[in-house]
Amino acid sequence: MSVEAFKAFVSEFQARKDYRAPLGFGICRVDLGKSSGKVLQATYPLLNWQGENLGSFAVLSEAAKEGKQISEGAFEQVIGITPEFIQNALALFEPFIAETIADASKHKNIQVILELQKALYEGRLMDAQGEPLYRFVALYEDAKCESVETGYMKLLALSLGKAPLRSLLLDGIFGLLQNVAWSGNKPYELAWLRENEIRLKMRGEYPTIDYVDKFPRYLMQVIPQYDNIRLLDTAKTRFGAYLGKGGYTQMPGASYINFNAGVEGACMNEGRISSSVVIGEGTDVGGGASILGVLSGGNNDPITIGKNCLLGVNSSTGISLGDGCIVDGGVAVLAGTIFKISEAEAAKIAEINPDFEVKADGFYKGKELSKKHGIHFRQDSKTGAMIAFRSNRKIELNAALH
């Protein structure tokens, strides 16, 4: 096949009446449970998202006709890789194979197929029961996931920044994922470990279990995209988190970042960034500071913390903050917390927040201050009253640390 013939094939494929452009697609390797045969984890070496590499999608979709159908829903497709799939894909990619072998920086999807060819030659394509360990996955719309493979695809899209945080439907993902024991990057079914406990322990083959959870850790699936991202404890970041465009530092101890949450740039984090929380660039989350998420407790309004904010040690934040805000250590800024703001300070706040309404009595609920810029939240050390005023402090990160 020539390059011209390849282009003609792609054009013809995309002109078909049943053609659907994918939201995302890729080939993953799965870990299957030894007892149940269910998918415990799906690992993508490459994710194609929103219009990327549609020529490769045409090839893989055509080759998928020779694959083993694993599952097919209204908005997703999972096809097991077979020898015939690999042969057909290599034939269609033939004009580019020599260039791919010569230069590893080119044609990443073809590199994946070449690795599949090696798996075939080395007998790694199927498990002992003949189930495909490699799968072509296509996601056509952002609907509720019906497979572990598409669930992992969405989490990877979030972690890579290909999909913005809070932009994908993740409803039901906890029900899809198995609760497993993780040893290194390998998941073990808890039922299988129980069934084989005596044998494994007597032979000295019992695995070192790092933790038990439905989700892998971020670093088990994602290589940080920037050299100045620092994670000092692998347990503190869940797969599906986004770490911004460089400069993020996460210290050990009380720090944590959940899935579908993250930062937009250089930040210091020594606190808890709960699910669906987004942190603006230049913000410092102090030791033990906690930001409310949306997974439990009835909160359904995702929180955003603006740029260049400071959340003091052991503070709690349950509203969104604008840019340049400060929450003092130990202070809880919740939707129902009442803050006293003097008339003079309220006027200063109104200067940078046109939608801020100055109240005659000077009392404001936390939810009335949500998303407002430049507010300093504090507790009066003499009276114990919760107060707020216009922040006069510029928050700057230590450049040497980021």
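Modeller: Happy to! Let's begin at E345, which is buried because its relative accessible area is 18%, under the 20% cut-off. Bear in mind that this is a predicted model.

Biologist: Got it. Which side chain does E345 meet in a salt bridge?

Modeller: That would be K348, with 3.3 Å from N to O. K348 is partly exposed, at a relative accessible area of 38%.

Biologist: And where do K348 and E345 lie?

Modeller: Both are in helix α11, which covers residues 343–352, and they sit three residues apart, about one turn of the helix. As a rule, an α-helix has 3.6 residues a turn, so residues three or four places apart point the same way.

Biologist: Nice. How many salt bridges does the structure hold?

Modeller: There are 18 salt bridges. One of them joins E131 to K68, where the closest N and O atoms are 2.8 Å apart. E131 belongs to the loop between α5 and β6 while K68 is in strand β4, so this pair ties together parts that are 63 residues apart in sequence.

Biologist: Let's switch to rings. How many aromatic pairs are there?

Modeller: The structure holds 18 aromatic pairs. Take Y152 and F239: their ring centres are 5.6 Å apart and their planes are at 40°, so the pair is tilted. Y152 is in helix α6 and F239 in the loop between β10 and β11, so to speak a link between distant parts of the chain, 87 residues apart. Both Y152 and F239 are buried.

Biologist: What about Y188 and W192?

Modeller: Their centres are 6.1 Å apart with planes at 25°, so that pair is stacked. Y188 and W192 are buried too.

Biologist: Which residues form an aromatic cluster?

Modeller: One cluster is made up of F9, F13, Y19, F25, F57, F85, F136 and Y140. R20 lies over the face of Y140, 3.9 Å from the ring centre. Elsewhere, K201 lies over the face of Y206, at 5.0 Å from the ring centre.

Biologist: Last stop, L139. Where is it found?

Modeller: L139 is in strand β6, and it counts as buried because its relative accessibility is 1%. Beyond its neighbours within four places in sequence, L139 is in contact with residues including P22, W49, F75 and M153.

Biologist: And how far apart are L139 and A74?

Modeller: They are 65 residues apart in sequence and 9.6 Å apart in space, C-alpha to C-alpha.

Terms used. Residues numbered from 1 in each chain as written. Predicted model: local features only at pLDDT ≥ 70, side-chain atom pairs only at ≥ 80, totals over all residues. Heavy atoms only, no water. Helix = DSSP H or I, 4+ residues; strand = E, 2+ residues; numbered from the N terminus. Buried < 20%, exposed > 50% of the residue type's maximum accessible area, 1.4 Å probe, protein only. Contact = heavy atoms within 4.5 Å. Salt bridge = Lys/Arg side-chain N within 4 Å of Asp/Glu carboxyl O. Phe/Tyr/Trp six-rings, centres within 6.5 Å; stacked < 30°, edge-to-face > 60°. Lys NZ or Arg CZ within 6 Å of the ring centre and 35° of its normal.
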